[in-house]
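Okay, everyone, thanks for coming.

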Amino acid sequence: VRSCIVMSLRSKEQGFTLIEMLIAVSIFAMLGFASSLVLQNVLKNKESTNTYTERLHRIYRGMGAIEQDFTQIVNRKLNNNGVVTKKIMDFQAGGMQSSGDSLEFTRLGWLNPQGILPRSELQRVQYRLQDNKLERAHYVYPDAIEGQEPVVTILFEEVEQLRFRFYRNNQWLNTYGGIKMPKAVVIEVVFTDGMRFERKFLTSHAQIATAAASSTKVSGGKK
């Protein structure tokens, strides 16, 4: 009986075998490797989401600036060095040092509270594509003066194409003489990764006409 008790105690003190330890270590190693892969994927997805979100924010900010410009285009002929041109808007395909379409016009609404600043509320702006960057350039004075350098703001980077279209005579046109105000303008931006967006804007001339038509319709309904 005594010998049986001693053998029983020894068997209890033996613990895990080498094979059992190797199996346990392998299981823990596989769990650790799987957890590492999951964590890497989570971090990668988070980084991609943050990058995409930041890009969308930049696009929204840029589109806000574009919307303010295009919805306040004024029917005013461009003045270059004291010479009044016939053009309200200057559209060029590959002009104005642009690798894509370029467009220049005058807009209203450049805030100048109580006329504190030595300038008007008119602003001459220009959209162009340079080095895959969509640039918005504006001048301090609406009439271009020789030697005056514009203030340039980069709206978007990694841009491949910049295109404009104009609605006149009940059709969309890829070319525009700039003498008469179009009813609407389309700006299309294509990025190098294939992402693109397009926005249509009624010009102030079309907005006034639409408001007048709506007013006439309402007054007629009251009768």
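Before we start, one term: buried means under 20% relative accessible area. And keep in mind that what you see on the screen is a predicted model.

Is Asp90 buried or exposed? Its relative accessibility is 14%, so Asp90 counts as buried. Its side chain also makes a polar contact, at 3.4 Å, with the side chain of Gln92.

Now, where does β3 sit? It belongs to an open sheet of 5 strands, and the order is β3-β4-β5-β6-β7, with antiparallel pairing. Which strands stand at the edges? Those are β3 and β7: each has a single partner strand, so one side of each has no neighbour in the sheet. Going from one strand to the next, the twist averages 15°.

Let's walk across that sheet. Strand β3, residues 90–93, pairs with β4 in the antiparallel sense over 4 bridges. If you want a spot to look for, Ala93 has Asp101 in β4 as its bridge partner. On we go to β5: β4 pairs with that strand over 5 bridges, also antiparallel. There you can find Leu103 standing opposite Tyr127 in β5. Further along, β6 and β7 run antiparallel and are joined by 6 bridges.

Tyr141 has a relative accessible area of 38%, so we call it partly exposed. Tyr141 and Gln123 are 18 residues apart in sequence, while in space their C-alpha atoms are 6.7 Å apart.

There's another open sheet too, with 4 strands in the order β9-β8-β10-β11 and antiparallel pairing. Its edge strands are β9 and β11, and each pairs on one side only. Here the twist from one strand to the next averages 20°. Inside this sheet, β8 and β10 pair over 8 bridges in the antiparallel sense. Phe166, for instance, has Val185 in β10 as its bridge partner.

Okay, what about the inside? In soluble globular proteins, nonpolar side chains tend to be buried together. In our model, the largest nonpolar core has 28 residues, and Phe70, Met89, Phe156 and Phe164 have the most contacts inside it. Several elements give two or more residues to this core, including α2, β4, β5, β7 and β8.

Take Phe156 from that list. Setting aside its neighbours within four places in sequence, Phe156 is in contact with a whole set of residues, among them Ile59, Met63, Ile66, Leu134, Val189 and Phe197.

Last stop, the aromatic rings. How many aromatic pairs does the count come to? It comes to 11. Ring pairs also link Phe70, Phe105, Tyr127, Phe164 and Phe201 into a cluster.

How values were computed
Residues numbered from 1 in each chain as written. Predicted model: local features only at pLDDT ≥ 70, side-chain atom pairs only at ≥ 80, totals over all residues. Heavy atoms only, no water. Phe/Tyr/Trp six-rings, centres within 6.5 Å; stacked < 30°, edge-to-face > 60°. Core = buried A, V, L, I, M, F, W, Y, C linked by side-chain atoms within 4.5 Å. Buried < 20%, exposed > 50% of the residue type's maximum accessible area, 1.4 Å probe, protein only. Contact = heavy atoms within 4.5 Å. Pairing = 2+ DSSP bridges. Polar contact = N/O pair within 3.5 Å; in protein donor to acceptor, adjacent residues only side chain to side chain. Axes fitted to C-alpha atoms, helices over the stretch in contact; angles between N-to-C directions.
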